[in-house]
Amino acid sequence: MAPRYDRQMNIDPTLFRDEAVADETRQFNAALQQILEALPSTSSQQPEEVRAARRAGDSWMGPIVYSDHARTITIDGPSGPLELRVIEAAEPNGVYLHIHGGGWVLGAADLSDVGNEAMALSASVTTVSVEYRLAPEHPYPAAVEDCLAAARWLIDNGSSEFGTDRLTIGGESA
C-alpha cells in the first residue's frame with residue numbers, strides 16, 4: 001500500500017511581511033544589488049564573455065572555489081570523451097547525478113564544487129557533475145544527450161565505481 005500524505009502544510013503569513021526581514025538580510029540584499037548594478041547584464045554579452053568573466057572571478061559570484069576532494073573522470077559520450085566531476089562520500093548512501101545550472105549555455109561542472117562537496121558531506125552521497133556541451137556552440141539536444149549518457153553510465157557502473165546502485169538526479173536551471 002502506498003503511503004498517505006494527508007498532513008496539511010501551514011505557512012505563517014507574518015514571515016513574509018516587510019518587518020520580518022532581518023537587518024542582516026537587508027544589508028546582504030543591498031550589497032548584492034550594488035554588485036549586480038555595477039556589472040554588465042549577462043543578456044548584453046556573448047556567452048563566451050560571461051563564461052570568461054566567471055572563470056576570472058569577475059562575476060557576482062566572486063572567485064571560484066574548487067574542492068580539494070574533487071576529481072575528474074572521463075567516460076564515452078555521444079560525441080567523444082565526456083568529463084564527470086566526482087566528489088566521493090566516505091560511505092555513500094547513493095550517487096547524486098548533478099546537472100549544473102546555466103540554461104544549457106553557461107556554467108561548468110567544476111563551478112559547482114562547493115555545493116556538491118556540501119551534498120557529499122551532509123547527505124553521504126557521491127556527487128557526479130556532468131561537463132555537458134554548451135550551446136550555442138553545441139545546439140540542442142547536445143547537452144541533454146551528454147546528461148543522458150552520464151545517467152546511463154551511472155546505471156551501468158555506479159555500483160562497481162562507487163559502491164552503490166542507489167541513484168538520484170538533480171541540479172539547477174538546466
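Predicted model: local features only at pLDDT ≥ 70, side-chain atom pairs only at ≥ 80, totals over all residues.
**Notebook: salt bridges, core and pocket**

I started with Glu137, which counts as partly exposed because its relative accessibility is 42%.

**Entry 1: the partner of Glu137.** I looked up what Glu137 pairs with and got Arg51, in a salt bridge whose closest N and O atoms are 2.7 Å apart. Arg51 sits in helix 2 and Glu137 in the loop between strand 4 and helix 4, so this pair ties together parts that are 86 residues apart in sequence.

**Entry 2: other salt bridges.** How many salt bridges does a search of the whole structure find? I got seven. One of them is between the side chains of Asp113 and Arg85, at 2.6 Å from N to O. I checked where the two sit: Asp113 is in helix 3 (residues 113–123) and Arg85 is in strand 2, so to speak distant parts of the chain, 28 residues apart. Are Asp113 and Arg85 buried or exposed? Both come out buried. I also found a network: Arg133, Glu145 and Asp146 are joined by salt bridges that share partners.

Then I turned to Arg26 and Asp18, whose side chains meet in a salt bridge at 3.4 Å, N to O. Arg26 has 33% relative accessibility, so I put it down as partly exposed. Asp18 counts as exposed because its value is 54%, and the cut-off for exposed is over 50%.

Leaving out residues up to four places away in sequence, Val128 touches Leu84, Arg85, Val86, Val95, Tyr96, Leu97, His98, Leu154 and Phe162. Arg85 is on that list, and Arg85 is also the salt-bridge partner of Asp113.

**Entry 3: the pocket.** Last, I looked at the largest pocket, with a volume of about 570 Å³. I counted 25 lining residues, and Val50, Arg54, Ser59, Met61 and Leu106 lie nearest the centre of the pocket. Which element gives the most to the lining? Helix 2 (residues 47–55) does, with five residues. By class, I have the lining down as 11 nonpolar, nine polar and five charged residues.

Key:
Residues numbered from 1 in each chain as written. Heavy atoms only, no water. 1 Å grid on protein atoms, 1.4 Å probe; cavity = no way out; pocket = protein on both sides within 12 Å on 5 of 7 lines; lining within 4 Å. Points joined across faces, edges and corners; volume = space filled by probe spheres on them. Helix = DSSP H or I, 4+ residues; strand = E, 2+ residues; numbered from the N terminus. Nonpolar A, V, L, I, M, F, W, Y, C, P; charged D, E, K, R; others polar. Contact = heavy atoms within 4.5 Å. Salt bridge = Lys/Arg side-chain N within 4 Å of Asp/Glu carboxyl O. Buried < 20%, exposed > 50% of the residue type's maximum accessible area, 1.4 Å probe, protein only.
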